[in-house]
Amino acid sequence: MAETLRMAVAVIGNVASVSLYAAPIVTFKRVIRKKSTEEFSYVPYIIALLNSLLYTWYGLPVVSYKWENFPLVPVNGVGIILELSYVVIYFWYSSSKGKVAMIAFPILLVFCAIALASSFAFPDHRHRKNLVGSVGLGVSIAMYASPLIVMKKVIQTKSVEFMPLPLSLCSFLASLLWLTYGLLIRDIFVAGPNVIGTPLGILQLVLHCKYWKREVIIEEPNKVDLVHKGISLENLDLEKSGLEKGDLEKNVTSS
């Protein structure tokens, strides 16, 4: 019964995590369409890439004993492909390619160093798991904490435009499920990051509930005042009438 429960949570956790990794597809469609990264941050995607690399490595028999942590491998393998794609797209359309490269390349080198050290410097699985798991724990906490930058912007602008709801929802579900799975298998390196990820996911959803209706309100000309000035109501729709702002101002001045 316990084994069945663990596998059920692992399967659902995999689905939620794949959804989490896939959620930014909507964001990057927008980036490609506009050929601009706008105000989206690249940091969460680079950290998520490193997290996927580390936990894929953690789940492989090189580090773990046989396939005891196999559920971590397929989901983080998908994460590697998707997160790497996001980083490449961001780099391609970014106006500050140097900053992206200065963070992305050192992070990849860090993973390579950890993979080599865990393969050759430690004789048994327990020490290898401690090394990779400890680094993975720190990176996962950073990954879940990275949206704090975006949440700060949400609070300042009172807009959730740059914090997509699918990403926030999937983040909450994935962290909750992996927290449950980590507790079931009694693995601190799996459960630990999600102790922070779960409440942060809840906080993101709270911000969505609070600010999702907020929009930038553009004041429109008072139609009654314009009529009194001799301006036809037909001229109010600038797009349909073909008038530009300068033409409208000229009419107001001359009346």
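Which residues are buried in helix H7 (residues 147-157)? The answer is found in a predicted model, in which local features need pLDDT of at least 70 and side-chain atom pairs count only at pLDDT 80 or more, while totals for chains, interfaces and linings use all residues. Residues are numbered from 1 along each chain as its sequence is written, and side-chain values use heavy atoms, with hydrogens and water left out.

In H7, the buried residues are Pro147, Val150, Met151 and Val154; buried means under 20% relative accessible area, exposed means over 50%, and partly exposed lies in between, with a 1.4 Å probe and protein chains only. These four cover an arc of only 100 degrees around the axis, which puts them on the same side of H7. The arc is that of the directions from the helix axis to the C-beta atoms.

The loop between H7 and H8 holds Ser159, which counts as partly exposed at 23% relative accessibility. Ser159 and Tyr211 are 52 residues apart in sequence, yet their C-alpha atoms are 5.6 Å apart in space.

Stepping back to the protein as a whole, its secondary structure comes to 12 helices and zero strands. Helices (H or I, at least four residues) and strands (E, at least two) are DSSP runs, numbered from the N terminus. Of the 255 residues, 40% count as buried. The unreviewed UniProt entry annotates "transmembrane region" over residues 6-28, 40-60, 72-93, 100-119, 131-150, 162-182 and 188-207; such annotations, given in the numbering used here with shortened feature names, may be inferred rather than shown by experiment. Over residues 72-93 the chain is 100% helix, with its end C-alpha atoms 32 Å apart. Residues 100-119 are also 100% helix, and there the end C-alpha atoms are 29 Å apart.

What does a search for aromatic pairs find? Across the whole structure there are eight, where rings of Phe, Tyr and Trp (its six-membered ring) pair if their centres lie within 6.5 Å, and planes under 30 degrees apart count as stacked, over 60 as edge-to-face and the rest as tilted. The ring centres of Phe28 and Tyr86 are 4.9 Å apart and their planes are at 5 degrees, so this pair is stacked. Phe28 lies in helix H2 (residues 25-34) and Tyr86 in helix H4, so the pair ties together parts that are 58 residues apart in sequence. Both Phe28 and Tyr86 are buried, and together with Tyr45 they form one aromatic cluster. For Trp67 and Phe70, the ring centres are 5.6 Å apart and the planes at 80 degrees, so the pair is edge-to-face. Trp67 is partly exposed, with a relative accessible area of 47%, and Phe70 is partly exposed at 41%.

Finally, the largest cavity is lined by 17 residues, of which Asn51, Asn76, Tyr144, Trp178 and Asn194 lie nearest its centre. On a 1 Å grid over the protein atoms alone, a cavity is a set of points where a 1.4 Å probe fits but cannot get out, and lining residues have an atom within 4 Å of a point. H9 gives the largest share of this lining, four residues.

How values were computed
1 Å grid on protein atoms, 1.4 Å probe; cavity = no way out; pocket = protein on both sides within 12 Å on 5 of 7 lines; lining within 4 Å.
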